[in-house]
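Dear colleague,

I am handing over the structure below, together with some notes on what was found in it. Please read the notes with the structure open beside them.

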Amino acid sequence: MTLSLSASHEFTSHDFDCQSCGACCAYSAEWPRFSLETDEELEQIPADHVAADLGGMRCENDRCTALEGTLGKSVACKVYDVRPIVCRTCMPGDDECLMARQRLFGTAA
Ligand code: SF4
Ligand code: SF4
């Protein structure tokens, strides 16, 4: 069992370490979009990491600009405490996780 990137990421049967992955944060610019966040929550996200259309996180080549580090080796979220809902709900081992890992690394496992 490993500690995940998100506090909402519970330990799962999958032994994925989010801090040495980051695939879901670099999967698509359409992924880290805002949904049910309150205005107060959105205001806490640093503006330089918010997309020009204000609808989600700013991405460069599908990678969220708040993700620091090297994919597949060591990563961290620079806005961890105020990250969007979609980032809190993605769980290691769930469908989105496996899809992102498959695309980024060529294998979900
Ligand atoms: S793709 Fe899965 S293992 Fe990788 S950071 Fe996202 S939730 Fe964690
Ligand atoms: S805000 Fe953080 S957790 Fe969400 S996609 Fe960006 S780097 Fe990943």
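**The hairpin**

Strand S3 (residues 67-70) and strand S4 (residues 74-77) run antiparallel and are joined by four bridges; strands are DSSP runs of E of at least two residues, helices are runs of H or I of at least four, both numbered from the N terminus, and two strands pair if DSSP finds at least two bridges between them. Within this pairing, glutamate 68 has alanine 76 of S4 as its bridge partner. Three residues lie between the strands of the hairpin, where glycine 72 takes a positive phi near 80°.

**How to read the model**

This is a predicted model, in which local features need pLDDT of at least 70 and side-chain atom pairs count only at pLDDT 80 or more, while totals for chains, interfaces and linings use all residues. Residues are numbered from 1 along each chain as its sequence is written, and chains are lettered from A and ligands numbered from 1 in the order in which they are written.

**The chain and its core**

The chain has three helices and four strands, which run α-β-β-β-β-α-α from the N terminus on. Of its 109 residues, 28% are buried, meaning that 20 or more other C-beta atoms, placed from the backbone, lie within 10 Å of the residue's own. The largest nonpolar core has 22 residues, with Ala23, Cys24, Ala26 and Cys64 making the most contacts inside it; such a core is a set of buried Ala, Val, Leu, Ile, Met, Phe, Trp, Tyr and Cys residues joined through C-beta atoms within 7 Å. Helix H3 (residues 95-105) gives the most to this core, with three residues.

**Isoleucine 45**

Isoleucine 45 lies in the loop between helix H1 (39-43) and strand S1 (59-60), and counts as buried because 20 other C-beta atoms lie within 10 Å. Leaving aside residues up to four places away in sequence, isoleucine 45 touches Val50, Val79 and Val82, a contact being two C-beta atoms, placed from the backbone, within 7 Å. Its C-alpha atom is separated by 9.1 Å from that of aspartate 81, 36 residues apart along the chain.

**The ligands**

Ligand 1 is surrounded by 13 residues, the closest being Phe16, Cys18, Cys21, Cys24 and Cys97; a residue is counted here if its C-beta atom, placed from the backbone, lies within 6 Å of the molecule. The residues around ligand 2 include Cys25, Met57, Cys64, Arg83 and Cys87.

Best regards

Notes:
A residue is buried if 20 or more other C-beta atoms lie within 10 Å of its own, exposed if 12 or fewer, and partly exposed in between; C-beta atoms are placed from the backbone.
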